[in-house]
Amino acid sequence: MLFKFIHARLRQAFFALTLFLGSSIVAHAAMTTPPLCAEYDGTNLYIAANDGNGTEMCYWFKRCMANELFTFYRVGQRTVGRNTSDTEGISKITTWLNVTGSDNIGPVGIKGYPDFVGGNHRWRNRDENGNFISGYSNVRTAQCDSVIVKLDGLPLNTKMNGQQVLVTVWNTLFDPLVAPENGNSTTLTSPIINEQVEYRIQDNSIDVVLEHKYLKDFVVSTYYGMQSMCNGEDSIMTPSGKFSAFTAVANCNGGFKKKDYNDFNRYTEHTPNGWCQSAWMRPEGLGTHQFIGDNSSIFWRGSGKCYHWLMKDSQVSAGQTHQWNGIYTWALPLVNDPDLIAYRGIIDQQEALYIDTKQACDRTLPLPDNWKGYYVLESKGEGSITRSGNSLHISATGPASFIISKSFKGDVNLDRIVDVEDVNDSINYILRTKTVDFIADINDDNVVDVADVNEIINIILGTPTQA
């Protein structure tokens, strides 16, 4: 009788609550790792992210490459004997995992010009006959217009601690077919693309969102977009691509075509010290690969680098925009054996797991601590992933790929929002009209009761009692 009374009163309360809120609210759980430390002096941005287990990821952003564009200049890791993050001494690290001696974020090829603009590419001048010469001049093909750095939404202008750093950069790329107006100019002078790049740095990942706004009508001859300057990789794996297991870099040159592997969107590079660098191109915008033909390469390996190929011989118009979103992740794999590889990262501010089978296998992996539920963000290939108690069961008849992320706190029905439906489900757990699952135990007291319902209400209202 008491449960029926509670059920009726809560339904009445939530009818009023939904009218008040008007819409559902997505909840984001705070990370359990120590806060990162960030320091920005207007020139150098240092970020340290301690994992709480003796390893600290280190990021160094500055203006770099031939065009002096603000991006991640170095990414590395170091062993520390503390449980707090600190940027002290980052510039002196010797264990660099990514070294920006060339482009990480790709330049743009323009039809009629035998090279690229932006990134690490200076201008190739013409000879007396009007032909572009092979060597580079001192003239830049792009410029960095402005940079804003924030930590958890607040301007970063000193040394601070927090969860996530957001770097927003505005660049201008110039038309290489138009010579500088002033013969002594150090930069081309006819704008052709406005480029905006957002970098979200958290834990061991950099989430990149890039947008191009075209200022002229022209043909993009080649655009790779997301590239890799992994330092000293010895082998490469391309889930949903040609290389389903780690393959020596010498055997990966040339890549593979879209028509053969049109589901490909991620590559993972392995280094001799056991670390991996992953580059996942989200299947949206240019990441759908709609601007490359079936006979075009979708993955390319050349010049010691890996490339996501996003555009090939594509006409664009003034005022048109294109966007892509990709996530770089650096990790020591949790598992890396002949059957599968699994490593952790950050996706949408949540802990995530990348799990790839290299061949047929039947395996279980422990569900990470504090993961009450998870979302399957991507599932490809000849396999399935299911939950079995506190473990993940991976069954595959061949190469398969999965990306899962930790569920939001309070999202009982796993629909990626915390709303009245989650309250109703929790009530039903209490009334035993659904099988009780610990995902509904919001406050971790090993029982599903009214206190958990109250906690969901607080999450919806933006006032949770715990992180």
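**Helix packing, ring pairs and phi values**

Student: How many of the 11 residues of H2 are buried?
Tutor: H2 is mostly covered; helices (H or I, at least four residues) and strands (E, at least two) are DSSP runs numbered from the N terminus. Buried means under 20% relative accessible area, exposed over 50% and partly exposed in between (1.4 Å probe, protein chains only). Among the buried residues of H2 are Asp-422, Asn-424, Asp-425 and Tyr-429. The count for H2 is 10 of 11.

Student: Which atoms do the side-chain values use?
Tutor: This is a predicted model, where local features need pLDDT of at least 70 and side-chain atom pairs count only at pLDDT 80 or more, while totals for chains, interfaces and linings use all residues.

Student: How is H2 oriented to H3?
Tutor: The axes of H2 (residues 420-430) and H3 (residues 450-461) come within 9 Å and cross at roughly 175°. That makes the two helices, H2 and H3, roughly antiparallel. Axes are lines fitted to C-alpha atoms over the stretch in contact, with angles from 0 to 180 degrees between N-to-C directions; over 145 degrees counts as roughly antiparallel.

Student: Which residues in H3 meet H2?
Tutor: From H2, the contact (heavy atoms within 4.5 Å) takes in Val-420, Asp-422, Val-423, Ser-426, Ile-427 and Ile-430. On the H3 side are Val-450, Val-453, Ile-456, Ile-457 and Ile-460.

Student: What is the phi of Arg-432, the residue that follows H2?
Tutor: Most residues other than glycine have a negative phi. Arg-432 has a positive phi, near 65°.

Student: What is the angle between the planes of Tyr-343 and Tyr-354?
Tutor: The whole structure holds 27 aromatic pairs, where rings of Phe, Tyr and Trp (its six-membered ring) pair if their centres lie within 6.5 Å, planes under 30 degrees apart being stacked, over 60 edge-to-face and the rest tilted. Tyr-343 in strand E26 (residues 340-347) and Tyr-354 in strand E27 (residues 350-357) are 11 residues apart. Tyr-343 is buried at 1% relative accessible area, and Tyr-354 is buried at 0%. Their rings are stacked, 5.0 Å centre to centre, with the planes at 15°.

Methods:
Residues numbered from 1 in each chain as written. Heavy atoms only, no water. Parallel < 35°, antiparallel > 145°, perpendicular 65-115°, else oblique.
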